[in-house]
Amino acid sequence: MKMERVDKELAELRHTFRSGKTRSLAWRETQLKALLDLVHDHQETLFDALHHDLGKHPVESFRDEIGVVKKSATHSLAHLKNWMKPRTGSIPLIFFPASGKIVSEPFGVVLIIGSWNFPISLVLDPLIGAISAGNTVLVKPSELAPLCSSFLLNTIPNYLDPTAIKVVEGGVETSQHLLNQKWDKIFFTGSKAVGRIVLAAAAQHLTPVTLELGGKCPAIVDLTSISSHYDTRIVAKRIVGGKWGPCSGQACIGVDYLLVEEKHAQFLIDLLKKYIRRFYGEHPKESNSICRIVNRRNFERVQRLLKDPAVSASIVAGGFIDEERQFIDPTILLNPPLDSELMTEEIFGPLLPIITLNDIGESIEFINSGPKPLTIYPFTKDEKLKKMIVSETSSGGVTFNDTMVQFLCDSLPFGGVGESGLGRYHGKYSFDTFSHEKAVMERGFYPELEPRYPPWNSFKLKFIQLAYNFDYFGLGLLLMGLKKH
Amino acid sequence: MIILSLLPTSNRCSVTVPAVLWEEEEKKKKKQPQTVTFGSNEASSMVKQLRQSFKSGKTKSYQWRVSQLKGIAKMVEERESDIVQALYQDLSKPPLEAFVAEISMAKSSCREAIEGLQDWMKPEKAKTGISTYPSTAEIVSDPLGVVLVISTWNFPFLLSIDPVIGAIAAGNAVVLKPSEIAPATSALLSKLVKDYLDDSAVKVVEGAIPETSALLDQQWDKILYTGSARVGRIVMAAAAKHLTPVVLELGGKCPAVVDSNVNLEVAVRRIIAGKWQCNNGQACIGVDYIITTKDFAPKLIEGLRKGIEEFFGKDPMESKDISRIVSPAQFKRLVGLLDEDNVSDKLVLGGRRDSTRLKIDPTIVLDPPQESQIMQEEIFGPLLPIVTVGNLKESFEVINSKPKPLAAYLFTEDEQLKQDFVENVPSGGMSINDTILHVTVHTMPFGGVGESGMGSYHGKFSFDAFSHKKSVLYRSFSGDASLRYPPYTPKKQMVMKGLMNGGLPGMLLALLGWSSHNSGTKS
């Protein structure tokens, strides 16, 4: 896309925002409803595009992309009027008569940069937040999911207000050009490395930023506290579902690696293998229920993680690679070297390392030795361990005894900390992340507090001292001449 | 110890204090040991040590946090006169202004944190819905770790200690870098923090650009910076390397729009309080310029003239109730703004200046050109431009043509105008019919937007600014739906659509096979 055209689009977005049209509840609701229509009308096209770009099955597409967008838009529509209302800030009596309120105002012109693994929802979900908050928006979908990107480019203008919501396609050059412009807010989903670039570019214009990054999300499996037949099966299902279910391991909140006690390792491996077979069949390559690696570059990157002989020697399940189809089997590794690239970099692929410990309590120190992850997935019934994990580790979030589902919970802020990200969204947090909260205090002209003003004397000093302590009784005495000053 | 040799001469405090005090300063410095440079190595080992302190878990405990906050409260209580003296030395700040603007605010901030901490530290329960049923959820406040607070010179005590209170309340280890342009306060803070607080987790680094750069090279878990937009960019760019979140408290041109239907006497006093009583205009939330109607301007000017005389006497330069300009560099800059062509002839009040005492009269200029420096840059001094318009609604355009300010003020009794102002003028915060006060109310966040800053603090917002709000979801083992898992049969597809489109009823219908064949019903 030509850069001059990009500049023109940006200028129009500014102009539209200045006109004030995006401020009204009516406009915002119209856009959200139109977005719901868009995904409803084009559901099949979206299934096809996601299947083409990532090999995603329609159920996965619905669950992780279309369904998420529908849920978010519906939630926003139901609550937007309330969210837009100012919040009251209580004012101390000393300022009487006065009122305080916190007013949410849109930042202005917003840039949303999407990622390729959930190319629809990771663009439209933030878009819902930006629209709800009353901004104009420019969306840059990921070029690594080309059919989804062109779908958005071609379809959004038919449903949403084209003067206020625009799509720009392109690769690195386009992104760089966009990042050099002045935005009122940037929302980025992607890798740490690019996150740094985005933040540095934003610094030039003092633009506030939300970065949804990633990290190595560990699952802690405490099979000492989970022993029933039924429960252990649930654990295995949820882990398999949380590893290969979302885009075959290519998800920021996917399970990256697993920690388990040495004595339970084999049992767990067997269970995981069983469910991999049940979900994906004897030859997962043939299954239509698992995504493929997104492109050659990422395929080679993941393949390279297995090249280290010490790593490949630790494979205990899977390992099959189809170069032509860019497919890698769901693969489990047992105790690969901790200094291997597999264990130091975010895997973002279908490889699941299992690290064994003597005692499950060691998992806390293990996790704390690395950067803060986006999510920690402890599977345990031990209440003491639960408390320790929550208080002694830090991560974007923690989900106990399940994987992935926190993403669906609109009342929980979703975001990272440290290297896993900055800022958060979902539900009202999306609205807030695209708003500036303005404190507004209103006063009357009467009564007027003389002691505020010079020339100063000891009476005024005493008055102010009492006022700052909210010592209304003392103030009364002072005013009646019954207090020394 | 301040490395004076690296500062441009204009920033040295020598010219800014009476000669006698200056000689005493020199004598003191000669007695003190050699300056130790604080460079990259020193910064890195300090951060390492603080990380160890943080890892040990001591700063996370409620007891530690409260003990430190009580230490700060004690410090402010016991050393109030030292603090006031340092503020007078750095800024000629009148003791009452020091008390009102800095000491009292610090005290109340501390008290607020001590009283609120137990509640603030409690996890917040969060609702969970059908999509994660059955589950419970909460939001837990985690300290971020090791944080950096970079302070500024105009309220050098408050703007140092207030963010530190927030950082400690949230359970972090913290380094404070006070401003070298207020050297007496900087030195005092360094001493007081050592005397009253836990040196293994709360540190002060004095210095100027080299020391600040060395600190900014390190990896912090959060940085709170108060100062100019120019340096704000540098801080954020340095933070970007480590993906460090920042709070930037910057500034801007804070306008006051004045309607003719107000109680002039009260309005004038409040404007004076928000301009010359606020560190003599050297405040990020001070009134920078006024907008009023052509008709009302003469009355307003006359009102201001009377008020200034009432507060500061016939010769404001002799008044003890007004601060001086902080340094010769700032003085020179301000005189430059005033003496610019097309501005100097718009003078309607004041204009006198005294470079030895670093004083400038409360000065008003009427309708300087919009392109003049005084209307383009943040004034940060005792000069007050008044811009006139035909109709007050035009004031919105004037304000919105400039970067978003930290605060905006409106004086009016017109309810519609108030509403329009709140809705159409973006700013960090606002006061209607008063100035400054909205930032003293800690139930409301204090922060900027656009060029005036990002993030906010004060009260519980300080605690939140220095915390990570961690979502914790507790799921049980019951109620596991096989439809979650592959292989994805058509039946599973239908049920899932039912659930997402129509909630529980939708899902039940789908389970019974009653969902429509098309792509689901509209919600």
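How much area is buried between domain 1 of chain A and domain 2 of chain A, and what share of it do carbon and sulfur atoms give? In this predicted model, the area buried between the two domains is about 2,200 Å², and carbon and sulfur atoms give 55% of that area.

## Domains of chain A

Chain A is divided into domain 1 (2-213 + 426-437), domain 2 (218-415) and domain 3 (447-484). The C-alpha centres of domain 1 and domain 2 of chain A lie 31 Å apart. At their boundary, 24 residues of domain 1 are in contact with 24 residues of domain 2. The rule finds one salt bridge across this interface. A salt bridge also joins A:D410 to A:K71, with the closest N and O atoms 3.0 Å apart.

## Two helices of chain A

Helix α2 of chain A covers residues 25-41, has 17 residues and reaches 24 Å from its first C-alpha to its last, close to the 24 Å expected at 1.5 Å a residue. Its buried residues are A:W27, A:R28, A:Q31, A:L32, A:A34, A:L35, A:L36, A:L38, A:V39 and A:H40. These pack against α3 (43-54), α4 (58-84), α5 (121-132), α6 (146-159), β5 (165-167) and α16 (428-433) of chain A.

In helix α11 (residues 296-305) of chain A, the buried residues are A:N298, A:F299, A:R301, A:V302, A:Q303 and A:L305. The elements that cover the buried residues of α11(A) include α12 (309-312), β11 (321-322), β12 (327-328), α13 (341-344) and β14 (351-357) of chain A.

## Chain B and the interface

Chain B has 17 helices and 18 strands. Buried residues make up 62% of its 523 residues. Among contacts in chain B between residues at least 6 apart in sequence, 71% join residues at least 24 apart. As for one pair in this chain, the C-alpha atoms of B:S213 and B:S40 are separated by 8.3 Å, while the two residues are 173 residues apart along the chain. B:S213 is found in helix α8 (residues 209-216) of chain B, and its 34% relative accessibility makes it partly exposed.

The contact between the chains takes 106 residues from chain B and 112 residues from chain A. The area buried between chain B and chain A is about 9,000 Å², with 61% of it given by carbon and sulfur atoms. On the chain B side, B:L243, B:F477 and B:Y488 lose the most area to chain A, together 10% of what that side buries. The rule finds three salt bridges across the interface of chain B and chain A. The side chains of A:D402 and B:R475 meet in a salt bridge with an N to O distance of 2.8 Å.

A:R443, in strand β18 (residues 435-443) of chain A, has contacts in both chains: not counting residues up to four places away in sequence, this arginine touches A:F95, A:F96, A:P97, A:A98, A:R452, B:R270, B:I432, B:N433, B:D434 and B:L437. A:R443 counts as buried because its relative accessibility is 6%, under the 20% cut-off.

In soluble globular proteins, nonpolar side chains tend to be buried together. Of the 146 residues in the largest nonpolar core here, B:I290 and B:L304 touch the most other members. Helix α5 (residues 95-121) of chain B gives the largest share of this core, 11 residues. The core also draws at least three residues from each of domain 1 (2-213 + 426-437) and domain 3 (447-484) of chain A. Apart from it lies another core, of 96 residues, among them A:L127, A:V260, A:L408 and A:Y425.

Leaving out residues up to four places away in sequence, B:I290 touches B:A256, B:V258, B:I271, B:L300, B:L304, B:L384, B:P385, B:I386 and B:V387.

## Backbone geometry

Most residues other than glycine have a negative phi, and most peptide bonds are trans.

| Residue | Phi | Loop |
|---|---|---|
| B:N279 | about 55 degrees | between α10 (264-275) and β9 (289-293) of chain B |

A:S248 is buried at 1% relative accessibility, and B:N279 is buried with a relative accessible area of 0%. The peptide bond from B:P486 to B:P487 is cis, with omega near -5 degrees. B:P487 lies in the loop between β18 (467-475) and α17 (490-511) of chain B.

Terms used. Residues are numbered from 1 along each chain as its sequence is written. Chains are lettered from A and ligands numbered from 1 in the order in which they are written. This is a predicted model: local features need pLDDT of at least 70, side-chain atom pairs count only at pLDDT 80 or more; totals for chains, interfaces and linings use all residues. Side-chain values use heavy atoms; hydrogens and water are left out. Helices (H or I, at least four residues) and strands (E, at least two) are DSSP runs, numbered from the N terminus. The expected span of a helix is 1.5 Å times one less than its number of residues. Buried means under 20% relative accessible area, exposed over 50%, partly exposed in between (1.4 Å probe, protein chains only). Contact means heavy atoms within 4.5 Å. A nonpolar core is a set of buried Ala, Val, Leu, Ile, Met, Phe, Trp, Tyr and Cys residues joined through side-chain atoms within 4.5 Å. Domain bounds come from an automatic or database domain assignment. Buried area is the accessible area (1.4 Å probe) that two parts lose on being put together, summed over both. A salt bridge is a side-chain nitrogen of Lys or Arg within 4 Å of a carboxyl oxygen of Asp or Glu.
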